[in-house]
Protein chains: 2
Amino acid sequence: MALEHAILVSLLEKPGSGYELARRFERSIGYFWTASHQQIYRVLKRMESDGWVEVRDVAQYGRPDKKEYSVAGRGRDALSAWLNEPTEPESVRHDLAVKVRGAAFDDPTALISQVERHRQAHTDRLTHYLAGETRDFGDPPPDGRLDAERELQHAVLRGGIAYERMMIAWLDDVLATLARLDTGR
Amino acid sequence: MALEHAILVSLLEKPGSGYELARRFERSIGYFWTASHQQIYRVLKRMESDGWVEVRDVAQYGRPDKKEYSVAGRGRDALSAWLNEPTEPESVRHDLAVKVRGAAFDDPTALISQVERHRQAHTDRLTHYLAGETRDFGDPPPDGRLDAERELQHAVLRGGIAYERMMIAWLDDVLATLARLDTGR
DNA sequence: CGTTGCTATGCAACAAAGTGCATAGGAAGA
DNA sequence: TCTTCCTATGCACTTTGTTGCATAGCAACG
């Protein structure tokens, strides 16, 4: 259970509605923590009844009204407690890795197009990240001093960039391996 | 739903009992697909009733008897179908990344020990992988020809190695960032 | 002989996540 | 006006995953 905490962090960075959170989970945050809007609304309900967040109805013109959530004191405490409790290294789920090993028992060359699709998805993400890095962290902060929020967001983004580069290189490795198997030898 | 498929691949590589599968999921396969023994037994039951796998009772001496599972024709077909259906890039869950961003709203330096713990876990895994690589792929295959199963397993292992190296480098980056924030500046 | 530990299998209850569907206001264009 | 799209919120159902517990054979040790 940590979707709660991801939401808390996002709301601390900037309060917003369930819908806005869902959009953030599609872009920046979603690259290291995924969640659908249904999940987010459900968890927000629970967080509200637990007193972790506060709601404010916001009337909007030209679009439906929204509920803006922000972090309450109890939410901050919960986040603090979670931050200080040790977390185990994440459990990984790479279905493509399963497929690569499984391809040995089917047609390995048939996997090439799928690996290429994944490679494309990862290069797209990398491009997206690099654009975001230039946009958000290209210039030093106006006041020249170290801003923890900004520095840590940048560190996480650098992690995303490193991850995508690693994946692209590995997928190239897999493609080379599949090609080698194809020429038979 | 892909635990089924991970199990099929594992059983194709080598038939075995639920217990043995659980142990494999703790080591090699578990590094890119995790599953507990309870899950495995439950899914094996379903796979058996769907005719994906076949069971054979094996009497053992010096230890309890076991049920050895192997892949049936329908299981092979199911695997083949899954291999050929496009899969979306994996959903990632990096709680440490959430924590790094969250640390901006708490005490960033308190996170250092946790990052170090993760770094240690990843170096341990890397060592484990590299030892496995030397053991299993150190010498060329005796007959000198390309074995798809072996080559693809090696490719997946190389992916694991690349992942751990990337993570260690990123965690060092995070540690440097946290240290920079600590000295204040 | 009792305890501990490893192999081996499984159930039950619960929590979390995913899938599908529904509703509703308003903008933009055919 | 009708359709389509975007914003905004949510329920119901199903599938997965987690946690805790239970059983049982056999070996090794004190």
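Helix α1 (residues 3-13) of chain A packs against helix α4 (residues 73-84) of chain A at an angle of about 120 degrees, with the axes 10 Å apart. This is a predicted model, in which local features need pLDDT of at least 70 and side-chain atom pairs count only at pLDDT 80 or more, while totals for chains, interfaces and linings use all residues. Residues are numbered from 1 along each chain as its sequence is written, chains are lettered from A in the order in which they are written, and side-chain values use heavy atoms, with hydrogens and water left out.

Helices are DSSP runs of H or I with at least four residues, and strands are runs of E with at least two. Axes are lines fitted to C-alpha atoms, for helices over the stretch in contact, and angles run from 0 to 180 degrees between N-to-C directions. α1(A) and α4(A) are therefore oblique to each other, a class left over once angles under 35 degrees (roughly parallel), over 145 (roughly antiparallel) and 65 to 115 (roughly perpendicular) are set aside.

The table lists the residues in contact (heavy atoms within 4.5 Å).

| Helix | Contact residues |
|---|---|
| α1(A) | H5(A), L8(A), V9(A), L12(A) |
| α4(A) | G75(A), R76(A), A78(A), L79(A), W82(A) |

The UniProt annotation "domain: Transcription regulator PadR N-terminal", from an unreviewed entry, covers residues 7-80 of chain A. Over residues 7-80, chain A is 50% helix and 16% strand, with the end C-alpha atoms 14 Å apart.

Between the chains, the contact takes 70 residues from chain B and 69 residues from chain A.

Definitions and conventions. UniProt positions are given in the numbering used here, feature names are shortened, and annotations may be inferred rather than shown by experiment.
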